Amino acid sequence: MIKKIRAKGKLVSAGALTAYLLFQNSTVAYAAGIGDSQIAKGTEKLIQDATTWLMILAPVVAGLLIIYFCIRRSAADEMDQKKWNNRIVVAIVSCIGAVLGSATLNIIIGYYQ
């Protein structure tokens with residue numbers, strides 16, 4: 001047991017020393033003009049369009065799924081109704097997550113314009 005602890009301590013020490021030496025020998029690189037490139041502008045526009053469509057499609061798809069899950073829940077027995085209730089909750093939470101995620105990406109991309 002003590003040998004394992006000592007071996008882990010030596011391994012952590014070696015890793016810390018390696019990381020320290022790598023950071024001491026680092027070179028700073030600058031990407032001048034990449035913001036003006038066609039690839040950067042196109043990628044930015046692609047992300048904006050994708051997040052806009054996601055903000056539109058996520059609630060629509062979630063609404064359709066919730067309607068389907070409610071119909072299936074109404075035809076299910078008591079045991080299966082719990083599963084359909086869980087699926088409805090998952091659909092709602094997933095919709096909220098998708099909309100918040102895409103809105104956050106839109107806000108972040110907006111700062112780069």
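Ile109 lies in helix α3, where helices (H or I, at least four residues) and strands (E, at least two) are DSSP runs numbered from the N terminus. With a relative accessible area of 11%, Ile109 is buried; buried means under 20% relative accessible area, exposed over 50%, and partly exposed in between (1.4 Å probe, protein chains only). Not counting residues up to four places away in sequence, Ile109 touches Glu44, Ile47 and Gln48, contact being defined as heavy atoms within 4.5 Å. The C-alpha atoms of Ile109 and Lys45 are separated by 9.0 Å, although these residues stand 64 apart along the chain. Gly110 also lies in helix α3 and is partly exposed, its relative accessible area being 38%. Between the C-alpha atoms of Gly110 and Gln48, 62 residues apart along the chain, the separation is 8.7 Å.

The model is predicted: local features need pLDDT of at least 70, side-chain atom pairs count only at pLDDT 80 or more, and totals for chains, interfaces and linings use all residues. Residues are numbered from 1 along each chain as its sequence is written, and side-chain values use heavy atoms, with hydrogens and water left out.

The chain contains 3 helices and 0 strands, and its elements run α-α-α from the N terminus on. Of the 113 residues in the chain, 11% are buried. The accessible surface of the chain comes to about 9500 Å², and 69% of this surface belongs to carbon and sulfur atoms; accessible areas come from the Shrake-Rupley method with a 1.4 Å probe, and for residues only the protein chains shown count as cover. Among contacts between residues at least 6 apart in sequence, 65% join residues at least 24 apart.

Thr51 lies in helix α2 and is buried, with a relative accessible area of 4%. A polar atom of the Thr51 side chain lies 3.0 Å from the backbone oxygen of Gln48. Leaving aside neighbours within four places in sequence, Thr51 is in contact with Ser102, Leu105 and Asn106.

The aromatic residues were examined next. A pair of aromatic rings is described by the distance of the centres and the angle of the planes. Rings of Phe, Tyr and Trp (its six-membered ring) pair if their centres lie within 6.5 Å; planes under 30 degrees apart count as stacked, over 60 as edge-to-face and the rest as tilted. The structure holds 3 aromatic pairs. In one of them, the ring centres of Tyr68 and Trp84 are 6.3 Å apart and the planes stand at 85°, so the pair is edge-to-face. This pair links distant parts of the chain, with Tyr68 in helix α2 (residues 38-74) and Trp84 in helix α3 (residues 78-110), 16 residues apart. Tyr68 is partly exposed at a relative accessible area of 40%, whereas Trp84 is buried at 9%. Phe69 and Trp84 form a tilted pair, 5.5 Å centre to centre and with 45° between the planes. Here too distant parts of the chain are linked, since Phe69 is in helix α2 and Trp84 in helix α3, 15 residues apart. Phe69 and Trp84 are both buried. Ring pairs join Tyr68, Phe69 and Trp84 into a cluster. Arg87 lies over the face of Trp84, at 4.4 Å from the ring centre; a charge sits over a ring if NZ of Lys or CZ of Arg is within 6 Å of the ring centre and within 35 degrees of the ring normal.In soluble globular proteins, nonpolar side chains tend to be buried together. The largest nonpolar core is made up of 5 residues, namely Phe69, Ala76, Trp84, Ile88 and Ala91; such a core is a set of buried Ala, Val, Leu, Ile, Met, Phe, Trp, Tyr and Cys residues joined through side-chain atoms within 4.5 Å. Helix α3 gives the largest share of this core, 3 residues. Not counting residues up to four places away in sequence, Ile88 touches Ile66, Phe69, Cys70 and Arg73. Ile66 is placed in helix α2 and counts as partly exposed at 23% relative accessibility. With residues up to four places away in sequence again left out, Ile66 touches Ile88, Ala91 and Ile92. The C-alpha atoms of Ile66 and Val89 are separated by 8.8 Å, and the two residues are 23 apart along the chain.

Note on methods
Polar contact = N/O pair within 3.5 Å; in protein donor to acceptor, adjacent residues only side chain to side chain.
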